[in-house]
Amino acid sequence: MKIVSSLEEIRKVRKAATGSVGFVPTMGALHEGHLALVQEAKKRAERVYCSIFVNPLQFGPSEDLSRYPRPFEEDVQKLRDLGVDVLFAPNVDEMTPAGATVFVDEDPLTKPLCGMFRPGHFRGVATIVTKLFNLIRPDTACFGEKDFQQLRLIEKMSLELNQGVEIIRVPTFREKDGLALSSRNRYLSPEHRALAPFLHQTMVATREKILKDHREGAPFKIALNEGRRAIDGNPAFRLQYFEARDEEKLELADGVSKPARIFVAAYLGQTRLIDNLRI
Ligand code: AMP
């Protein structure tokens, strides 16, 4: 596996590459969810490029940028074992030069959900993913459904900006107890780790109730309110949102006529967890 950090070199390496390129952008601290993305990329392309970049543009001033885990050597080993061809791990100064004034922004997909609670987050994501796409020029790129709002943003961005990258959706990889894998799970204390699957359990119960209520002609919001109350009633969690939205436009869903998901974000101690579940 070739490890590249300079922008000039990644352009050279890419120019010399033959065959199709699949790309998996990450912030490192790799877990099996990330590795599932790499496996999917391998099925779709002859070469797989992966990036590790803890993107400062997507963190707010009071967020966890400085303490975000960076186990680089372990990550390198995992990617090597999977047969990744190129790891691009740029440095912050070259990727985000001071004084840059051009950004990629989207509205309305990025207004609700995490957009409400993390101003500037999706602008940071879209800008860096665009730069990575420009440098690597992949044919396909894999993104996880775990971050569904981000996935929809990238799909729309690739389409509307004619970036020409086919975006592949990869289902959320979960622990046996339902907790979605996340690099941030390693912040959780053992007590909080034991509580964390409650979010997934609540979504599953809410989905069951939504479907039952729907069959009986009852409105959507009863089940959602119940789910919200269950999380609010657990003092370990600080709930940010618990909503049902359609998959395409991420508008509030009040029926099952369009594909929709339940979306949740909550703090558990100092750790912000997000998840979603198709209804
Ligand atoms: P991150 O390193 O957290 O920025 O995530 C990099 C990519 O991995 C994104 O496309 C995420 O959606 C995806 N990802 C993170 N966690 C999971 C998971 N549990 N299952 C599937 N994909 C995931």
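Two residues are in contact when they have heavy atoms within 4.5 Å of each other. With that in hand, start with the chain as a whole. The model is predicted. Among its contacts with a separation of 6 or more, 72% link residues 24 or more positions apart.

The secondary structure comes to ten helices and nine strands. The radius of gyration is 19 Å, close to the 19 Å that the globule rule gives for 279 residues, so the chain is as compact as a globular protein of that length. Along the principal axes, the C-alpha atoms fill a box of roughly 60 × 40 × 40 Å.

Of the 279 residues, 53% are buried. The chain exposes about 13600 Å². Carbon and sulfur atoms supply 51% of that area. As for charge, there are 41 positive and 38 negative side chains. The centres of these two sets lie 1 Å apart.

The largest nonpolar core has 39 residues. Tyr-49 and Phe-133 touch the most other members of this core. Helix H6 gives the largest share, with nine residues.

Leaving aside residues up to four places away in sequence, Phe-133 touches Phe-23, Pro-138, Ala-141, Phe-143, Ile-154, Met-157, Gln-163, Val-165 and Ile-167. There is also a second, separate core, with 22 residues. Met-203, Leu-224, Leu-239 and Leu-273 are among them.

Turn to Ser-51, in strand E3 (residues 47-52). Is Ser-51 buried or exposed? Its relative accessibility is 1%, and buried means under 20%, so Ser-51 counts as buried. Which residues does Ser-51 touch, not counting those up to four places away in sequence? They are Phe-23, Val-24, Pro-25, Thr-26, Leu-87, Phe-88 and Leu-132. Pro-25 lies 26 residues from Ser-51 along the chain, yet their C-alpha atoms are separated by 4.8 Å.

Last come some details of the backbone. Most residues other than glycine have a negative phi, and most peptide bonds are trans.

Asp-107 and Pro-108 are joined by a cis bond, with omega about 20°. Pro-108 sits in the loop between helix H4 (92-95) and helix H5 (114-117).

Another is Leu-113. Its place is in the loop between H4 and H5. Phi of Leu-113 is near 50°, a positive value, and the residue is not a glycine. With 3% relative accessibility, Leu-113 counts as buried.

The remaining one is Arg-137, in the loop between H6 and E5. Arg-137 also has a positive phi, about 45°, although it is not a glycine. Is this residue buried, exposed or partly exposed? At 44% relative accessibility, Arg-137 counts as partly exposed, because that class lies between the 20% limit for buried and the 50% limit for exposed.

Note on methods
Residues numbered from 1 in each chain as written. Predicted model: local features only at pLDDT ≥ 70, side-chain atom pairs only at ≥ 80, totals over all residues. Heavy atoms only, no water. Helix = DSSP H or I, 4+ residues; strand = E, 2+ residues; numbered from the N terminus. Buried < 20%, exposed > 50% of the residue type's maximum accessible area, 1.4 Å probe, protein only. Core = buried A, V, L, I, M, F, W, Y, C linked by side-chain atoms within 4.5 Å. Rg over C-alpha atoms; globule rule 2.2 N^0.38 Å. Areas by Shrake-Rupley, 256 points an atom, 1.4 Å probe, with all protein chains shown as cover. Lys, Arg positive; Asp, Glu negative; His and termini not counted. Charge placed at Lys NZ, Arg CZ, Asp CG, Glu CD.
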